[in-house]
Amino acid sequence: MNEAQDLFSLLRQSTDVDPQAIDAIRQTVAEGEGRELCRINVPAFASKHGLDEERAISAFLHAARVGIFDISWNVLCPGCGGVLDTNATLKTLQKDEYTCALCSEDYSPTLDEMVEVTFTVSPRVRRIAAHNPHELPLMEYFRQIYWGSGVDLPGEDFAKTLEAFTLEDIELAPGEKAVLPIQLPSEFVIVFEPVTHSVQFIDGKGEPTKERRSLSLVFDRDHVQNQTLEMQPGPLRISLENRTETRVLPTVFIAGKALHDFLGKRRPFLTAKRLLTNHTFRDLYRTDTLDINQRLKITSLTFLFTDLRGSTALYERVGDLSAFDLVREHFQVLHEIVAAEAGAVVKTIGDAVMATFATPDRAIAAALRMRDAMRALNDKSGREDLLLKIGVHAGPCIAVSMNERQDYFGQTVNIASRVQNLADAQAIFATHAVVEDNLTAELLHRNALTPVPHEVSLRGIEREIAVYTIP
């Protein structure tokens, strides 16, 4: 534990890391069960320990940076919540499509719905069973390796819950063969192997029979799914052969209500989208996000653009040095507000800022705070020097790497920028997608603000769009 003590001492030297979060992490690393330290769901961890989620995320990022945790970017199946692919960095997530054998569906990965970010304790700090996943008991392999952190798995009753829809299971070493006898019920049955993600569907239909049938299944890396078989209920001998270089864990599930109820219990998890819009992540991992050739989809991201109106006249009026100090102070204030509202500054262009937020309400909260902050700075100077124009829009986009930094591309970005260009001094303009968001509507209602709609034409956009002025 000497190295662990040194790493936690180093972590405490980071002045912007919540000490309460560090204490909770240290206690869990020292005293928690091994499974609690495998693929940690940070929102769930924060809830359990009474921590602010954003501060907890920041603490885990700093802890990973000093070597306490390893970060994992896991591609999840939206249907069953299983982990379809695991990546040490986002750069290695290169496939355009993933197949879930258990759900028999193909999915194109999106950073806000299908990619989770989890933290596993480093073996330098503490060895846990999951560091050798092929030695985990079958039940723990499903719990710690197969299912992602978004599936709300039961704690102490996990084995009992799994047994409720499991007919049989077996472990096969590399090259091993075995026979698994089962009594096929009058239900849809799944023979699922979680290591190779192989599956055989069996539809138990018709009159029950006493005749013993046979079925042969071979597990390798090439044939993961076979055609659904229809069989009469009754005795069935399943011959199994493992042709892989690792053990396999064939398990026979009954695809009934118990399984569907189990898979339907979900909880929030840390998405890749949320992490990419986190200012701590962008500060710590600025050059370690996307590969130059990656184009990763995000279903919905909120963009906030700001610009100073009349900045050229400001330099003329107060002189270069004074104007530079004012603009620098304005940038500092905007960065602080974006970070406080769980957003991230993507870039600055001249006197303009481009920022992203996971949800529209956080962007509008930031915009309102920015407007108030500029008014306060102007009141302090006694002049209307800082006149901030703000535009907000939300929608789908693509995360890319440009000029050696993470950036975003797409029509949503273009619209957000042009909406900001419409704004007058100290005005906030937002699109329909933003103001109609439920959390945004609640925020505006609490602040007694009623958005004023009007149809506008934007350069490069064929149709008119609804833009709202937030007074």
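This is a predicted model: local features need pLDDT of at least 70, side-chain atom pairs count only at pLDDT 80 or more; totals for chains, interfaces and linings use all residues.
1. A disulfide would need the two sulfur atoms within 2.5 Å. The structure as a whole holds zero disulfides. Cys 397, for its part, is buried, at a relative accessible area of 6%.

2. The largest nonpolar core has 92 residues, and the members touching the most others are Phe 69, Phe 119, Trp 147 and Tyr 408. Helix α4, residues 53-66, gives this core its largest share, with eight residues. Another core lies apart from it and has 38 residues, including Phe 357 and Met 374. In soluble globular proteins, nonpolar side chains tend to be buried together.

3. On the overall fold, you will find 15 helices and 21 strands in the protein chain. Its C-alpha trace spans about 95 × 60 × 40 Å along the principal axes. Of the contacts with a separation of 6 or more, 71% join residues 24 or more positions apart.

4. As for burial and surface, 55% of the 471 residues in the chain are buried. The chain exposes about 21800 Å², and 47% of that comes from carbon and sulfur atoms.

5. One last item, on charge: the chain carries 66 negative and 49 positive side chains. The centres of these two sets lie 1 Å apart.

Definitions and conventions
Residues are numbered from 1 along each chain as its sequence is written. Side-chain values use heavy atoms; hydrogens and water are left out. A nonpolar core is a set of buried Ala, Val, Leu, Ile, Met, Phe, Trp, Tyr and Cys residues joined through side-chain atoms within 4.5 Å. Buried means under 20% relative accessible area, exposed over 50%, partly exposed in between (1.4 Å probe, protein chains only). Helices (H or I, at least four residues) and strands (E, at least two) are DSSP runs, numbered from the N terminus. Contact means heavy atoms within 4.5 Å. Accessible areas come from the Shrake-Rupley method with a 1.4 Å probe; for residues, only the protein chains shown count as cover. Lys and Arg count as positive and Asp and Glu as negative; His and the chain ends are not counted. The place of a charge is taken as NZ of Lys, CZ of Arg, CG of Asp or CD of Glu.
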